[in-house]
Structure formats: structure tokens, C-alpha cells
Amino acid sequence: GDEGAGGGGEGAGGEPERLGGAADAPSPPLEIRPLSAGWALTVGAHLVAFFDLRVIVDLQLDQWHLSWRHGQQARRRLIDALLWRTSVGQAADNAAQDICPPRAAAINARLRRRRGGGGGAR
């Protein structure tokens with residue numbers, strides 16, 4: 001399957017702890033509708049990654065193997081994204097979900113608890 005790049009430290013059993021995953025969601029993931037701004041950004045990210053346009057911007061999506069250099073798998077992922085069957089933007093664990101206010105608040109609260117409740121510089 002396609003797992004997103006979670007952030008954070010080590011959880012139980014040495015597994016990476018995911019700060020922005022579905023378990024932290026205070027509400028269901030937001031839906032990105034076809035032809036919306038989120039859809040355009042997602043499809044654009046797929047195209048930039050597929051054609052290796054790092055000269056324009058490096059989106060740091062190498063872990064998803066979206067570049068044409070990954071052959072048939074990358075072509076299939078691009079077609080799926082263009083047809084809005086599945087894409088990195090439709091996963092519940094992505095930056096767009098993490099920056100929505102309720103999710104960001106939950107992540108910040110969790111980080112504060114981990115640091116012992118201290119509030120940093122604002």
C-alpha cells in the first residue's frame with residue numbers, strides 16, 4: 001500500500017510514532033473534491049514529481065516513487081491521480097490534513113504534552 005511519511009519519534013515496539021495520522025484526527029479527514037484547488041495542487045504535485053521538475057521545485061516526494069524513473073509503477077500512479085482514483089493527496093496522513101486548524105491544534109497539544117507542557121517562544 002501507499003503509506004505516507006509520518007513524522008515524530010519512536011513509539012511502542014520501535015515503530016515510528018506518527019503525529020499527524022488518522023488516530024490524531026479530531027474529525028474525519030477533509031475530502032478533496034475533483035476540480036477544486038486541492039485537486040489541482042495534488043495533480044500538479046504528481047506531474048512535477050513524475051517529470052522530475054526539481055529545477056522548478058523539489059517537493060520531497062521521492063518515498064512515493066512518483067518519478068518516471070520508477071517505470072510502470074510511477075505511470076500507474078500518475079494515471080490513477082489524473083483520473084482521481086487514488087493519490088498522495090487523498091490519504092488521511094498528508095500535510096494538507098495536518099495544517100487544517102483542528103488537526104494542527106491536536107498535533108500541537110500532543111507535542112506540548114511530550115515536551116512536558118512547556119510553551120515555547122511564539
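Q: Which residues of H2 does H1 meet in this predicted model?
A: Happy to walk through this one. On the H1 side, the residues involved are Val-43, His-46, Leu-47 and Phe-50. Their partners in H2 are Ala-74, Arg-75, Arg-77, Leu-78, Ala-81 and Leu-82.

Q: How many nonpolar residues does the contact of H1 with H2 have?
A: Sorting this contact by class gives one polar and two charged residues. The nonpolar class is represented too, and its count is seven.

Q: Are H1 and H2 roughly parallel or roughly antiparallel to each other?
A: Helix H1 covers residues 37–50 and helix H2 covers residues 72–82, and their axes come within 9 Å. The axes cross at roughly 160°, and angles over 145 degrees count as roughly antiparallel. The crossing is also left-handed. The two helices are therefore roughly antiparallel.

Q: Which residues form the aromatic pair, and what is the angle between the planes?
A: Searching the whole structure turns up one aromatic pair. Phe-50 and Phe-51 form this pair, with 5.0 Å centre to centre. The arrangement is edge-to-face, and the angle between the planes is 90°.

Q: Is Phe-50 buried or exposed?
A: Phe-50 is one of the H1 residues that meet H2. Its relative accessible area is 10%, and the cut-off for burial is under 20%. Phe-51, by comparison, is partly exposed at 48%. So Phe-50 is buried.

Q: What do the elements of the protein run as, from the N terminus on?
A: The protein has four helices and zero strands. Read from the N terminus on, the order is α-α-α-α.

Definitions and conventions:
Residues numbered from 1 in each chain as written. Predicted model: local features only at pLDDT ≥ 70, side-chain atom pairs only at ≥ 80, totals over all residues. Heavy atoms only, no water. Axes fitted to C-alpha atoms, helices over the stretch in contact; angles between N-to-C directions. Parallel < 35°, antiparallel > 145°, perpendicular 65-115°, else oblique. Left-handed = near helix turned anticlockwise from the far one by under 90°. Contact = heavy atoms within 4.5 Å. Nonpolar A, V, L, I, M, F, W, Y, C, P; charged D, E, K, R; others polar. Phe/Tyr/Trp six-rings, centres within 6.5 Å; stacked < 30°, edge-to-face > 60°. Buried < 20%, exposed > 50% of the residue type's maximum accessible area, 1.4 Å probe, protein only.
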